[in-house]
Every structure is written in structure tokens, then in C-alpha cells.
Amino acid sequence: CINWVESSSWDGRKAIVVAGDIAVYGKGPARPTGGAGAVAMLIGPDAPLVFDCGVRASYMTHAYDFYKPDLASEFPYVDGKLSIHCYLSALDNCYNLFCKKMRNVDPNFKGLLSLDGMLFHSPYCKLVQKSLARVCFNDFLNAEEGEREKQFPGLSQFNSYQRENTYFDRDVEKAFMTYSKELFDDKTKPSLYVARNVGNMYTSSLYGGLVSYLVSKSADQLIGKKFALFSYGSGLASTMYSINICNDMSAGSKLEKLINSLHENVEMLNKRVPVAPQMFSDLMQVRTENYHTAPYEPSGSID
């Protein structure tokens with residue numbers, strides 16, 4: 001839609017993009033990470049959130065880390081270790097291409113240090129923290145030797161490490177998670193409010209992160225800020241791009257209206273009614289037993 005608005009084919013109309021999903025899993029450790037959500041975005045000119053042109057970086061490859069071969073079930077087959085490898089590999093590829101394109105636009109671009117926020121697709125929150133550490137590891141490998149020790153003191157033992165050999169290296173992970181702790185707290189952690197309260201939302205996950213970040217700051221803290229966003233889908237396809245927040249926070253501005261409306265939506269999470277885990281499990285069992293059932297009559301209350 002953005003390409004259409006930017007193109008000679010654009011006829012002045014605005015576009016609406018809707019992303020929604022339900023993430024459900026069979027019995028096991030993955031089930032509690034599931035969630036559901038949807039987001040609708042209006043695309044057009046003079047927006048309060050402005051996409052950077054010419055820097056979007058994408059990476060795709062064929063992988064069976066998450067798929068649904070059983071048509072009688074809605075639950076996916078998930079290879080957890082492969083899925084993590086795919087996610088981090090996609091992040092490496094997107095981030096390095098994104099940085100290359102950004103430096104073509106701004107030779108002084110310094111990776112994460114030049115960004116006010118770094119937002120990720122969130123399968124679960126711990127992976128997001130590891131991903132921010134992974135971005136720092138990429139900045140470490142990309143740094144000039146003379147600058148590396150200044151920016152990354154005490155990490156010289158990793159100078160000869162290669163990206164492809166470190167996806168499950170505990171020493172690298174621990175060192176760069178420690179190094180990136182304050183960066184994570186500042187640039188990424190505020191984006192996890194919805195993910196912590198809802199779980200994985202698949203296609204709308206990243207935009208739940210954007211909403212979370214926008215409502216976590218005051219207006220004067222957001223004006224003119226630049227964020228990078230990493231979008232990911234298993235199988236796999238991934239993209240990284242950046243947005244800028246406009247400088248107009250005057251009364252009645254588009255940015256003010258957007259942030260106020262987002263606050264109202266996030267506050268709705270506090271109106272949820274908690275139930276016992278067993279009730280959720282029982283409801284999932286009913287859902288499983290009636291998958292593809294037609295005609296179907298509800299066996300419980302529909303209120």
C-alpha cells in the first residue's frame with residue numbers, strides 16, 4: 001500500500017491495511033504463549049508516522065520450522081530450535097541489509113546507536129530481548145577494529161566469531177545480553193506491554209509492539225524519533241524498515257489524536273476478566289473436538 005501511495009498510480013485515495021490472527025497451540029509448553037489480536041492501519045500522505053523510503057530490507061527462505069500439514073487440526077507443527085535459528089538468521093540478514101541501505105542515505109548512520117527504538121515481532125518476550133542483543137552483536141562485528149573496543153569494552157574475545165556459528169552460543173548470548181541491558185530497557189522493553197498481556201498475535205504482533213511503545217512515552221519524548229521495526233513470519237519471510245514520528249504535537253494534531261486513541265485501546269486490557277487455566281484448557285478441548293464440524297451447535301453458554 002505504501003508503494004502504491006508513493007507511485008504514479010496513486011489516485012489520491014487512502015488505503016486500509018488490516019492484520020489479524022489467532023495463535024493457538026496443542027497441549028504443551030507452547031500453548032500459554034498463544035494470543036489473538038488485530039490491527040487496522042490507515043495509509044496516506046501527511047501521516048504522523050512516516051516511513052523512510054528506500055531502506056526497507058527483506059529476507060526470505062524455505063524452512064519447515066512452523067507449518068500445518070494436518071488438515072484435520074488447526075494446531076501447527078513447530079520445531080522450536082529450528083524456529084529460533086530461522087528467526088535470528090532472518091534478523092541478521094535484514095538488519096545488515098537495512099544498515100547498508102541506511103548508510104547510503106546517511107553515511108553517519110551507526111546502527112542501533114542511531115535509532116531511538118528497536119521493535120520486533122514477538123513470539124515470546126525473551127526472544128525479543130535476545131534479538132536486541134543479537135543486533136548489538138551485529139554492530140560489534142560490523143564496527144571498525146579501532147572503534148570496536150571503545151563501543152564494546154571487554155568483548156574483544158569475540159572478535160573472530162562468525163555470525164552463522166553463534167546462534168546457540170551461550171557465551172555470545174550472555175555477553176551481549178549483559179552489554180545490551182540498558183539499551184533494551186530504553187529502546188525495546190517499552191514495546192512489550194501488549195505482548196506480555198496478550199501473547200503472540202502473529203501478523204499483528206509487531207504493531208502491538210509499536211502501540212505499546214507509543215503509549216509508554218509522553219508526547220515530547222516521541223516527537224522526531226526514529227524506530228526500526230522487524231517483521232517476521234515463519235516459513236519464512238521477514239522485513240526490516242524504519243519510521244519517523246512527526247514533529248507536530250500541537251493540540252488537535254494527528255499525532256495527538258493517534259496517541260490518545262491508542263491509550264483508550266490499551267486501557268481496554270484492564271477490563272478483561274481472569275479465569276482459571278483449567279477453564280481455558282477445557283475451552284480449547286471443545287474447540288479441538290469441534291474443528292471442521294458442520295453444522296455446529298454450541299455446547300456451552302454463548303453469552
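How many helices and strands does the protein chain have? In this predicted model, the protein chain comprises 11 helices and nine strands. Its radius of gyration is 21 Å, close to the 19 Å that the globule rule gives for 303 residues, so the chain is as compact as a globular protein of that length. Taken along the principal axes, the box filled by the C-alpha atoms is roughly 70 × 50 × 40 Å.

Burial, contacts and surface were then considered for the chain as a whole. Of the 303 residues, 41% count as buried. Among contacts between residues at least 6 apart in sequence, 67% join residues at least 24 apart. The accessible surface comes to about 17,000 Å², and carbon and sulfur atoms account for 53% of that surface. The charged side chains number 31 positive and 33 negative, with the centres of the two sets 2 Å apart.

The record lists residues 2–48 under "domain: Hydroxymethylglutaryl-coenzyme A synthase N-terminal". This span is 11% helix and 38% strand, and its end C-alpha atoms lie 14 Å apart. The record also lists His-121 under "active site". In the model, His-121 lies in the loop between S7 and helix H3 (125–142). Its relative accessible area is 6%, under the 20% cut-off, and His-121 is therefore classed as buried. Apart from neighbours within four places in sequence, the residues in contact with His-121 are Tyr-87, Val-128, Asn-200, Tyr-202, Ser-205, Leu-206, Phe-230 and Tyr-232.

With neighbours within four places in sequence left aside, Leu-112 is in contact with Tyr-95, Met-118, Leu-132, Val-135, Cys-136, Asp-139, Leu-183 and Lys-187. By contrast, Gly-37, which is 75 residues away along the chain, has its C-alpha atom 29 Å from that of Leu-112.

Several features of backbone geometry were also noted. Most residues other than glycine have a negative phi, and most peptide bonds are trans. Asp-46 has a positive phi, near 55°, and is placed in the loop between strand S2 (35–43) and strand S3 (49–51). The relative accessibility of Asp-46 is 67%, over the 50% cut-off, and the residue therefore counts as exposed. A positive phi, near 70°, is likewise found at His-292, in the segment after H11. His-292 counts as exposed because its relative accessibility of 60% is over 50%.

Cis peptide bonds occur at two sites described here. One joins Gly-235 and Leu-236, with omega about 0°; Leu-236 is in the loop between strand S8 (226–233) and strand S9 (237–245). The other runs from Ala-294 to Pro-295, with omega near -5°, and Pro-295 lies in the segment after helix H11 (277–289).

Notes
Residues numbered from 1 in each chain as written. Predicted model: local features only at pLDDT ≥ 70, side-chain atom pairs only at ≥ 80, totals over all residues. Heavy atoms only, no water. Contact = heavy atoms within 4.5 Å. Helix = DSSP H or I, 4+ residues; strand = E, 2+ residues; numbered from the N terminus. Rg over C-alpha atoms; globule rule 2.2 N^0.38 Å. Buried < 20%, exposed > 50% of the residue type's maximum accessible area, 1.4 Å probe, protein only. Areas by Shrake-Rupley, 256 points an atom, 1.4 Å probe, with all protein chains shown as cover. Lys, Arg positive; Asp, Glu negative; His and termini not counted. Charge placed at Lys NZ, Arg CZ, Asp CG, Glu CD. UniProt positions renumbered as here; feature names shortened; annotations may be inferred.
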